[in-house]
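Here is a quick tour of one model, with a stop at the charged pairs, the strands and the surface. Have the structure open while you read.

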Amino acid sequence: MKNEDVKTITATVAELSDHARSVFDSTLWFQSLLDLSYLHQVNPAFAKIIGSYTPSAKTLVSQLKAAANDELEQEVVEDLAEALRRYTAATHDNPVIAQLLQDTETLTALKVPTTALLATLIDLMAASAGQRSGSLGTTASINQLMASLATTVNHAPSTIYDPAVGSGLSLLAAREQLPAEQPVTLLGTDIMPPALLRAKMLLGSLPQATTTVSLTVANTLARKDQADITPVDTIISDPPYSLRWSPSDELLVDPRFANFGVLPPKSKADYAFVLDGLAHLKDDGVMVIQLPHGVLFRGAAEGKIRQQLIEANVIDAVIGLPANLNNGVSIPTLLMVLRKKRNREGILFIDASEDVVKSRIKNTLPEKAIQKIVSTYQAYKNVDSYAHVASPDEVAAANGNLNIPRFVDTFTPPAPVSLQELDQRISTYHDQLADLDQSSAAIMEKYR
């Protein structure tokens, strides 16, 4: 997905009707625009209906349903119908329906790739909703970073899997890191059908000659047998942070958790997603997963699981990211890179928490920062105040605590100050204090 395409689409969306968004919930507006844009692109009959500017939502939906050719098109029309139903329940401003149709034609007339159009709308929709990454999509910069890290290890994966796929932006980012002619299968599960519908639309627009897509509505943490676990080359995932779940004791014999002897706590499923991913990973595969920092130092069951992962030598890197990068979540996060069979020991720690373009609403990880992280990971060497390869002895000395500041010293000592300059400063402060005392005394005397 070219940055030029994204900028063009974003700028065009910004110029589209403010009227529609003023009377139409912005998330519903984006949802409708996304659905209409997809339909306009995939079926000439849909494009003709949209171009007629039908003022009635009921008539529009009826005509689109009649033109649908397959199950996915029917699902998208139903999703659009629900958005318009929620809109018309609050207002009967039918001209807004016509405005949405005009906006759709404006967007599709840009002649950008369908995947770029849909991906940008999904990203804008997520930002508008202010939702947690995963349900509508992880931000583009983090998806790009995860995909770059994963494909640095696996240059030619045949299968890429996201167990909490959301709107599919992570799989799209991974696919775009690979040559277009390279055959690849994209696999994804998600517990939320609306999010998975976005993924079907988005990934279904990729060239089918070289890309196979398989998406399933499922809870990846539910009980599994070995037969349910399909080995894959690459996993890229951004699961919900510290999700509450309900593990039963039968999961202790589940092949994903049996070797660890404990289950992640009910209050935090972070390591459940990690162990689920590792179980799906081929021996030479790689997993890149975004997690909260608590996974690095929390104790009890999580501490035991983390210690076993360290002893198994599967943690390849821990990368600290800036705060406020994700939709609806302001906390700083990290990427953990895991590999089952490594030809090296130790763990690379990277502190990229300051490499950020700050914004009041949501920060951005710039391209330069992404390249720096990836090149540092590729080199796997120490970088002053930025990265450190901790030896097994250093990791052992930390007693299983992988908190990044333990291994990467980012402290910058203040510039030295001469004694003469320091003495001058002190004299200046004394003079200022004397002036303040004199002013204060004068004020107090006036009111006695």
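Predicted model: local features only at pLDDT ≥ 70, side-chain atom pairs only at ≥ 80, totals over all residues.

## A buried charged pair

Asp276 is buried, with a relative accessible area of 0%; buried means under 20%, exposed over 50% and partly exposed in between, using a 1.4 Å probe and protein chains only. Its salt-bridge partner is Arg256, at 2.9 Å from N to O. A salt bridge here is a side-chain nitrogen of Lys or Arg within 4 Å of a carboxyl oxygen of Asp or Glu. The pair links distant parts of the chain, 20 residues apart: Arg256 sits in the loop between strand 4 and helix 12, and Asp276 in helix 12. Arg256 counts as buried too, at 2% relative accessibility.

Residues are numbered from 1 along each chain as its sequence is written, and side-chain values use heavy atoms, leaving out hydrogens and water.

## Other salt bridges

Across the whole structure, a search finds 19 salt bridges. One of them joins Glu78 and Lys65, with the closest N and O atoms 3.3 Å apart. Because Glu78 lies in helix 6 (residues 71-90) and Lys65 in helix 5 (residues 57-67), the pair ties together parts 13 residues apart in sequence. Glu78 is partly exposed at 42%, and Lys65 is partly exposed at 34%.

Glu302 and Arg298 also meet in a salt bridge, at 2.6 Å from N to O. Glu302 is buried at 3%, and Arg298 is buried at 16%.

## Around strand 5

Helices (H or I, at least four residues) and strands (E, at least two) are DSSP runs, numbered from the N terminus. Nine of the 12 residues of strand 5 (residues 281-292) are buried, so the strand is largely enclosed by the rest of the structure. Strand 5 pairs with strand 4 (residues 232-237) in the parallel sense over five bridges, pairing being at least two DSSP bridges between strands. On the antiparallel side, seven bridges join strand 5 to strand 7 (residues 333-339), with Pro292 partnering Thr333.

## A spot in strand 9

Val389 lies in strand 9 (residues 387-390) and counts as partly exposed at 22%. Asp316 is 73 residues away in sequence, yet the C-alpha atoms of Val389 and Asp316 are 9.8 Å apart.
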